[in-house]
Amino acid sequence: RRRRRRIMKPIIALVLSNKMQKSVVVASYHFWEDTVHKKKVQRRTKLMAHDEENQCNIGDWVGCCISS
């Protein structure tokens, strides 16, 4: 049985913390509309990203791609 490899779309995330060496904590936001209350809902996912040259600062928007 062959598995098809899923193509992941890149994530646009906001840098929350850059206190580690060569790593940053980023937040990816996901918005949708609640089906019952018809309100917009926001969900935040915190991820860690690699920053080899320590260029990212807090508040920067960065593009990430998911790896294993």
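Strands β1 and β4 pair in the antiparallel sense, with 4 bridges between them. A strand here is a DSSP run of E at least two residues long, numbered from the N terminus, and two strands count as paired if DSSP finds at least two bridges between them. As a bit of background, strands of a sheet pair through backbone hydrogen bonds, either parallel or antiparallel.

Before going on, a word about what you're looking at. This is a predicted model, so local features need pLDDT of at least 70 and side-chain atom pairs count only at pLDDT 80 or more, while totals for chains, interfaces and linings use all residues. Residues are numbered from 1 along each chain as its sequence is written, and side-chain values use heavy atoms, leaving out hydrogens and water.

Now follow β1 to its other neighbour. Strand β1 (residues 11–17) is joined to β2 (residues 23–33) by 3 bridges, and these two run antiparallel. Look for S17, which stands opposite V25 in β2.

Let's zoom in on I12, which sits in β1. I12 counts as exposed because its relative accessibility is 55%; the cut-offs are under 20% for buried, over 50% for exposed and partly exposed in between, using a 1.4 Å probe and protein chains only. Leaving aside residues up to four places away in sequence, I12 touches S28, W61, V62 and G63, where contact means heavy atoms within 4.5 Å. Two of those names, W61 and G63, make up the uncovered face of β4, while V62 and C64 form its covered face.

Finally, step back to the whole protein. It has 0 helices and 4 strands, so along the sequence the pattern reads β-β-β-β. Of its 68 residues, 21% count as buried. The C-alpha atoms fill a box of roughly 45 × 40 × 15 Å, taken along the principal axes. Among contacts between residues at least 6 apart in sequence, 49% join residues at least 24 apart.
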